[in-house]
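Try each task yourself before you read its solution.

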Amino acid sequence: MANVQYYDVILRPVVTEKSMDLMADKKYTFYVHTDANKAMIKEAVEKMFEGTKVAKVNTMNIPGKKRRRGAVTGRSAAKKKAIVQLTEDSAEIEIFSGL
């Protein structure tokens, strides 16, 4: 496994209709590094966003899709997605406030 620091764990937020609906329950969705585990994701969220307390983390691996360009076939990159549940007394995550 690669030496992954906390600032390398979270790649970008997922902005979809379903993820926006989850924000009402203090659940935030991120694409994360494929080698990151739940403990690393929890630590990264709590360090990057001040005042947040993570209650639980759910992760899912998304395999790459098959792609074809002429006779050449291949796959797009695999991704990992994490849904982070914050506690009731936790602060909101600022990057989602303007959406």
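**Exercise 1.** Decide whether Lys 26 is buried or exposed, then find its salt-bridge partner.

*Solution.* Step 1: Lys 26 has a relative accessible area of 13%, so it is buried (under 20% relative accessible area; exposed is over 50% and partly exposed is in between, with a 1.4 Å probe and protein chains only). This is a predicted model, where local features need pLDDT of at least 70 and side-chain atom pairs count only at pLDDT 80 or more, while totals for chains, interfaces and linings use all residues. Residues are numbered from 1 along each chain as its sequence is written, and side-chain values use heavy atoms, leaving out hydrogens and water.

Step 1: Look for a salt bridge, meaning a side-chain nitrogen of Lys or Arg within 4 Å of a carboxyl oxygen of Asp or Glu. The partner is Glu 92, at 3.9 Å from N to O. This pair joins distant parts of the chain, 66 residues apart: Lys 26 sits in the loop between H2 and E2, and Glu 92 in the segment after E6. (Helices, H or I of at least four residues, and strands, E of at least two, are DSSP runs numbered from the N terminus.)

Step 2: Check the partner. Glu 92 is partly exposed, at 43%.

**Exercise 2.** Find the buried residues of H3 and say why they line one face of the helix.

*Solution.* Step 1: In H3 (residues 38-48), the buried residues are Met 40, Ile 41, Ala 44 and Val 45. Step 2: Viewed down the helix axis, they fall within an arc of 130°, so they line one face; the arc is taken from the directions from the axis to the C-beta atoms. Step 3: These residues pack against several elements, among them helix H1 (6-9) and strand E3 (54-62).

**Exercise 3.** Which residues does Ile 93 contact, leaving aside neighbours within four places in sequence?

*Solution.* Contact means heavy atoms within 4.5 Å. By that rule, the partners of Ile 93 are Tyr 28, Phe 30, Val 45, Phe 49, Thr 52 and Leu 86.
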